[in-house]
Amino acid sequence: MSEALTVLAPVAGTVRALADVPDPVFSAGLVGPGVAVDPDPLTGRDAVSPVSGTVVKLHPHAFVVTAPDGRAVLVHLGIDTVQLEGEGFTLHVAEGDAVEAGQVVVTWDPAAVTAGGRSALVPVVALDAGPDGALPVPAPGTTVAAGDPLLTLPARTA
């Protein structure tokens with residue numbers, strides 16, 4: 001059994017429903033339950049780890065951190081940003097590194113992503129979780145700072 005896990009906002013900005021993400025895979029919840037953050041163009045440049053754990057996947061535009069109990073959280077910096085091939089993203093950790101919740105993982109420029117015609121929305125998704133596997137803490141429309149509570153992953157019973 002595990003305890004409830006608090007997932008922190010990886011960037012500063014405004015909370016949006018996952019259904020508002022302009023990508024059918026995220027908006028339909030196919031990757032997992034969660035929310036998105038519309039990053040503030042100035043204060044949303046540093047993306048921090050949403051949980052303490054291990055960086056199991058790291059791309060310039062996305063990363064996955066797995067908590068010690070095995071629950072994993074995906075942070076995707078913008079939509080279609082894979083097409084940028086890393087341009088405009090600075091990595092501060094490496095795949096396999098242990099990170100603390102709130103530690104800066106990637107620095108990026110959401111304003112440049114938007115100026116390039118892409119959405120800068122940041123989906124934050126609980127991987128391998130059922131539809132009720134992540135409970136939003138602040139309501140859509142709420143402004144959050146990086147490191148503020150964003151989701152609660154319920155305790156596991158098995």
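Reply: Two strands count as paired if DSSP finds at least two bridges between them. Strands themselves are DSSP runs (E, at least two residues), as helices are (H or I, at least four), and both are numbered from the N terminus. This is a predicted model, in which local features need pLDDT of at least 70, side-chain atom pairs count only at pLDDT 80 or more, and totals for chains, interfaces and linings use all residues. Residues are numbered from 1 along each chain as its sequence is written, and side-chain values use heavy atoms, with hydrogens and water left out.

The open sheet is built from 8 strands with antiparallel pairing, and their order is S9-S5-S6-S7-S11-S3-S2-S13. Its edges are strand S9 (98-99) and strand S13 (143-144); each has a single partner strand, so one side of each lacks a neighbour in the sheet.

Within that order, S5 (residues 53-59) is joined to S6 (residues 62-66) by 5 bridges, again antiparallel. Across this pair, Thr54 is opposite Thr66 in S6.

Strand S14 (residues 149-153) pairs with S1 (residues 5-8) through 4 antiparallel bridges. Here Thr6 faces Thr152 in S14. S14 also runs antiparallel to S12 (residues 135-136), with 2 bridges between them, and Pro136 lies opposite Leu151 in S14.

From the record, UniProt places "domain: PTS EIIA type-1" (unreviewed entry) at residues 23-128; its positions use the numbering given here, feature names are shortened, and annotations may be inferred rather than shown by experiment. Residues 23-128 are 38% strand and 9% helix, with the end C-alpha atoms 19 Å apart.
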